[in-house]
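Here is a short briefing for a first look at a protein model. Keep the structure in view as you read.

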Amino acid sequence: MASQSSEPMYIAREPIFPRRVSGFFRTLKWWIMIVTLGIYYITPWIRWDRGPALPDQAVLVDLAGRRFYFFWIEIWPHEFYFVAGLLIMAGLGLFLFTSALGRVWCGYTCPQTVWVDLFILVERWIEGDRNARVRLWNADWDLRKWRLRLTKWIVWILIAVATGGAWVFYFADAPTLLVDLFTLNAHPVAYTTVAILTATTFVFGGLMREQVCNYMCPWPRIQAAMMDPETITVAYRDWRGEPRGKKHENTEGDCIDCMACVNVCPAGIDIRDGQQMECITCALCIDACDDIMDKIGKPRGLIDYLALSDEEAERAGAAPKPIWKHVLRPRVLLYTALWSLIGVGLVYALFVRSDIELTVEPVRNPTYVTLSDGSIRNVYNVRLRNKLGDDRQFRMMLSSDDILRINMEGEGAQTNQVTVPANESLIQRIYVTARPEDPAASRDRTDLRLWVEDVQNGDRAGRATTFNGVEQ
Amino acid sequence: MDHNEKDIDDVTGIDTTGHEWDGIKELNNPLPRWWLWAFYATIVWAVLYTVAYPAWPLVNRATGGLLGYSTRGEVVQQIEAVEAQNATLTAALASVDLASLSEDQMLNRYAIAGGAAVFRTYCSQCHGSGAAGAVGYPNLLDDDWLWGGEIEEIAYTVRHGIRNEVDSDAHWSEMPAFGELLEEQEITNLVEYVRSISGQQHDAAMAAEGTILFEEQCTACHGEAGMGDDSLGAPNLTDAIWLYGGDREALTETITYSRFGVMPPWSPRLSDAEVNAVAAYVHQLGGGEQPATE
């Protein structure tokens, strides 16, 4: 059957030559590019003093040491829920923005969009604007074409290497790794990571571009489910533009069919055909069309950010709804509420996090030990974590309604003190003993509370646990 | 439908495949060509992979792969790497003076962690995974030791064992079966006496009778006061800890038939470092004794 179709089974990519454009959204996108790329490249180089035993890199994912450092926050593996919470917030944030403003993530901040924008900028500097690039594309492979292509590819590769290179700095001390990378002393994993990310940056940003969005990325399809007719998105005012035609043809529509919107489009589509899966709502067609409208003396906004429900209302001669009415919809409010809830929860969890981290695990194998004088002893494994850059000394104490005694194994047994080295966790065996005549010795369960006190500053933290006696 | 006619979708203007499910038709959009190349690349990759790594099952075993990789080999490599990494510590542990082990925190922690693994592998069958023992198998968590609770004494016991005929240096002592030497009533009196010195409920008159018997028969090993002697493995009879039970029935059985607890020597099976490690582990379980200071 397929053989009877005139459509081929496979198609080559149609080259796209986006024309240079200027205007509000283009300027906004330049700024977003500067800020996002700036954050990406500069962050690993920010220093943050945490004391002698801890790294002084502000943002560091220490996979080998299982630590995540973010300025004043240190995340240990048992607190990974903070990272999970941030990822959930990122997901909900995407839902929120998409339902309110369409694919703004795709159009402005997606790394694919940002790097493609950068690669097109380089392409334009080296090969010229749209018309020059089309001519170059059709030209034979002479010396000039080779020279321009090679120059472009080399610059692209340099950007790609810098991109892959910046990535690995998040996982090791950046200044050391930089030296190691150049002196060939870095770990093979670092070189492999840089190589893979260099390749993907070059191929995705330079060669594949919109193919990544159309065929590889799931978001264009998933995000459609977040949008409805009230969502504000980039659209063409069909009722105003049609019937389109050249100015001298005296057609009634405002669209003069100049193809400016098509020529600037990095996705290679025609926004006048309506909403399309390929449209990343980068808004460059708005800038291009506004420019033309100014020139022919028509009002701006033939292509504009608008809700599809407004397009219909305007067609019927009614006024469009104000923007806040579009934005304040139940689903937007719901996403906002969920997003804020998790955000507040995370911030709360972060600030109530105890400075002393401990867990108390009663040893249940066996539940108690009889000593030679008939005393009953319970054993507890107390895990203490020291997240600070200096050693910390803790004293073990307990409080209970019954007479129980605490003592412990190891160095500081005389004073019930234990030193936890900087950036380490330690399990300390603690003994709690009841004399034979104490009620706790002959009772199944006795509640008690183990306390840990920081000897230097007097901070305390406690955990409730139980003491098991010999039930008579 | 007529296969010679194209079926164009009204909305998109794109040809359909002609397949229809409940009125839903499949558009016949062409695939991007790079996708096809990526597909071919995965096939090439798969073939190369099966050549490079173990893959194809044969009669006896699978093809080995040109790279000679195996998961077992990887485990062996990793174990060797860890052993190499710990070689210095292991060597230090093998020759350490155990009495001063706790002064070297790093080595002590290494010994305790390694000793815990040795204990779970070789000792837990009798002494229990929590080291709480069972009837006839000493509890290693308490402060009562038959053959001494200092770390070097524990290491000696682990190395040579108890009452085994394999190691001539094994701890050895044997309690007579008094059932062959004493009358039944005398044994009952002894039981009452032992219960009296360990603070348990007892018949005072019978215990008084047992006093003389105890002095005659038992003090040589258990001492005048019944406090035992850990150079002979003679238990302390005055404390609250009973290896075979402190009730009348168990005591009667012990005196009548005697007991003969055996522990194998671990020295040839465990390396010096492993013996020291497990001694350090057992010593810090709660009952470890310190050498008497002058």
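The points below cover domains, nonpolar cores and a surface patch. This is a predicted model. Chain B splits into domain 1 (81-171 + 269-294) and domain 2 (175-259).

**Domains of chain B**
- The centres of domain 1 of chain B and domain 2 of chain B, taken over C-alpha atoms, are 31 Å apart.
- Where these two domains touch, domain 1 of chain B supplies 13 residues and domain 2 of chain B supplies twelve residues.

**Nonpolar cores**
- The largest nonpolar core has 34 residues. Its members L93(B), L101(B), F119(B), L140(B) and V282(B) touch the most other members.
- Four helices of chain B each give two or more residues to this core: α3 (87-94), α4 (105-127), α5 (151-160) and α10 (272-283).
- Helix α10(B) gives the largest share of this core, eight residues.
- Look at L101(B) and set aside its neighbours within four places in sequence. L101(B) then contacts L93(B), V96(B), L107(B), N108(B), A111(B), I151(B) and A280(B).
- In soluble globular proteins, nonpolar side chains tend to be buried together.

**A nonpolar patch on the surface**
- Some nonpolar residues of chain B form a surface patch, among them L31(B), W35(B), W37(B) and L66(B). The patch has about 910 Å² of accessible area together.
- Helix α1 (residues 33-52) of chain B gives the most to this patch, with seven residues.
- F39(B) is another patch member, and F39(B) sits in helix α1 of chain B.
- Is F39(B) buried, exposed or partly exposed? F39(B) counts as partly exposed because its relative accessibility is 40%.

Methods:
Residues numbered from 1 in each chain as written. Chains lettered and ligands numbered in written order. Predicted model: local features only at pLDDT ≥ 70, side-chain atom pairs only at ≥ 80, totals over all residues. Heavy atoms only, no water. Core = buried A, V, L, I, M, F, W, Y, C linked by side-chain atoms within 4.5 Å. Buried < 20%, exposed > 50% of the residue type's maximum accessible area, 1.4 Å probe, protein only. Contact = heavy atoms within 4.5 Å. Patch = residues over 30% accessible without salt bridge, like charges linked within 9 Å, V, L, I, M, F, W, Y side chains within 5 Å. Areas by Shrake-Rupley, 256 points an atom, 1.4 Å probe, with all protein chains shown as cover. Salt bridge = Lys/Arg side-chain N within 4 Å of Asp/Glu carboxyl O. Domains from an automatic or database assignment.
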